[in-house]
Amino acid sequence: MDLHMTEMERDVVREILNIGLARAADSFAIIAQEKVLLEVPSLDLMPGNGMLDMVREIQKTNVPILSDIRGDFNGTTLMFFSGQHVQRLSKVCLRMNTTASTDIDEMQESLLLEISNIITGALVTQLANILKAQIYGAPPSAPHGDMADALQNLLETHPPVQPMIFSVITQFSDKENSVELPLMLFFDRPTFMKILEIIRTYDFLGGTPA
């Protein structure tokens with residue numbers, strides 16, 4: 001099966017993710033005690049070597065949070081929090097006044113884990129509901145060391161991994177600016193083929209197989 005995505009297929013996946021993120025935003029807002037907007041403005045595919053270079057570059061200035069997707073689909077999510085995100089979230093959620101730094105303590109790490117769990121969980125739930133799949137997200141973790149090395153092991157174990165790369169934009173209601181929150185999905189080839197097959201054979205408007 002051709003793993004190339006058409007623009008319409010990209011739009012379908014983007015809309016599925018946006019629906020899931022809208023639900024995640026409601027839960028996120030309870031923690032942040034503010035109105036929060038989550039959107040997916042872009043969706044791209046990337047080969048393994050390019051993905052590793054991107055991860056290494058992002059990790060230089062961000063805190064990574066990892067969670068596995070299990071069940072009918074096999075994959076991994078990586079969420080990255082910048083120093084600006086850590087500072088903002090620490091202030092609104094923990095009432096902590098800190099500098100924009102990725103040097104975090106246990107309380108801040110727990111907060112990032114909880115936020116990642118909420119956002120990733122909502123995405124997985126939405127994918128499960130719309131794609132009619134039995135999947136769930138494993139508890140997130142905050143790995144230390146070179147993430148690219150860990151992902152390289154994943155690629156060596158599952159060489160056909162085909163990551164779906166997209167960015168989530170968060171915007172807090174009392175601020176005019178928005179902060180980019182990178183989130184990456186990594187699916188093995190069978191999972192990616194399943195997703196494309198469902199999208200290509202399902203009438204999402206009518207709710208029946210095409």
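The following legends describe close-up views of a predicted model.

**View A. Packing of helix α3 against helix α4.** Helix α3 spans residues 83–94 and helix α4 spans residues 106–131. Their axes lie 11 Å apart and meet at an angle of about 90 degrees. Because angles of 65 to 115 degrees count as roughly perpendicular, α3 is described as roughly perpendicular to α4. On the α3 side, the contact is formed by Val86, Leu89, Ser90, Cys93 and Leu94; α4 contributes Met107, Gln108, Leu111, Leu112 and Ile115. Eight of the residues in this contact are nonpolar and two are polar, with no charged residue.

**View B. The largest nonpolar core.** This core comprises 44 residues. Leu38, Phe81, Leu89, Ile119 and Ile135 are the members that touch the most other members. Two or more residues are supplied by each of the helices α1 (7–32), α3, α4 and α6 (189–201), and likewise by each of the strands β1 (36–45), β2 (62–71), β3 (75–82) and β6 (179–187). The greatest contribution comes from α4, with 11 residues. A separate core of 10 residues lies apart from this one and includes Met51, Leu52, Ile58 and Leu66.

**View C. Surroundings of isoleucine 135.** Neighbours within four places in sequence are set aside in this view.

**View D. Serine 67 in strand β2.** Serine 67 belongs to strand β2. Its relative accessibility is 3%, and serine 67 therefore counts as buried. The side chain of serine 67 reaches the backbone oxygen of alanine 138 at 2.6 Å. Beyond neighbours within four places in sequence, the contacts of serine 67 are Thr76, Thr77, Thr120, Gly137, Ala138, Pro139 and Pro140.

**View E. Arginine 95, a residue with positive phi.** Arginine 95 is located in the loop between α3 and α4. Its phi is near 55 degrees, a positive value in a residue other than glycine. With a relative accessibility of 53%, arginine 95 counts as exposed.

**View F. Lysine 132, a residue with positive phi.** The loop between α4 and β4 (135–137) contains lysine 132. For lysine 132, phi is near 55 degrees, a positive value in a residue other than glycine. Lysine 132 has a relative accessibility of 61% and so counts as exposed.

Notes: Residues numbered from 1 in each chain as written. Predicted model: local features only at pLDDT ≥ 70, side-chain atom pairs only at ≥ 80, totals over all residues. Heavy atoms only, no water. Axes fitted to C-alpha atoms, helices over the stretch in contact; angles between N-to-C directions. Helix = DSSP H or I, 4+ residues; strand = E, 2+ residues; numbered from the N terminus. Parallel < 35°, antiparallel > 145°, perpendicular 65-115°, else oblique. Contact = heavy atoms within 4.5 Å. Nonpolar A, V, L, I, M, F, W, Y, C, P; charged D, E, K, R; others polar. Core = buried A, V, L, I, M, F, W, Y, C linked by side-chain atoms within 4.5 Å. Buried < 20%, exposed > 50% of the residue type's maximum accessible area, 1.4 Å probe, protein only. Polar contact = N/O pair within 3.5 Å; in protein donor to acceptor, adjacent residues only side chain to side chain.
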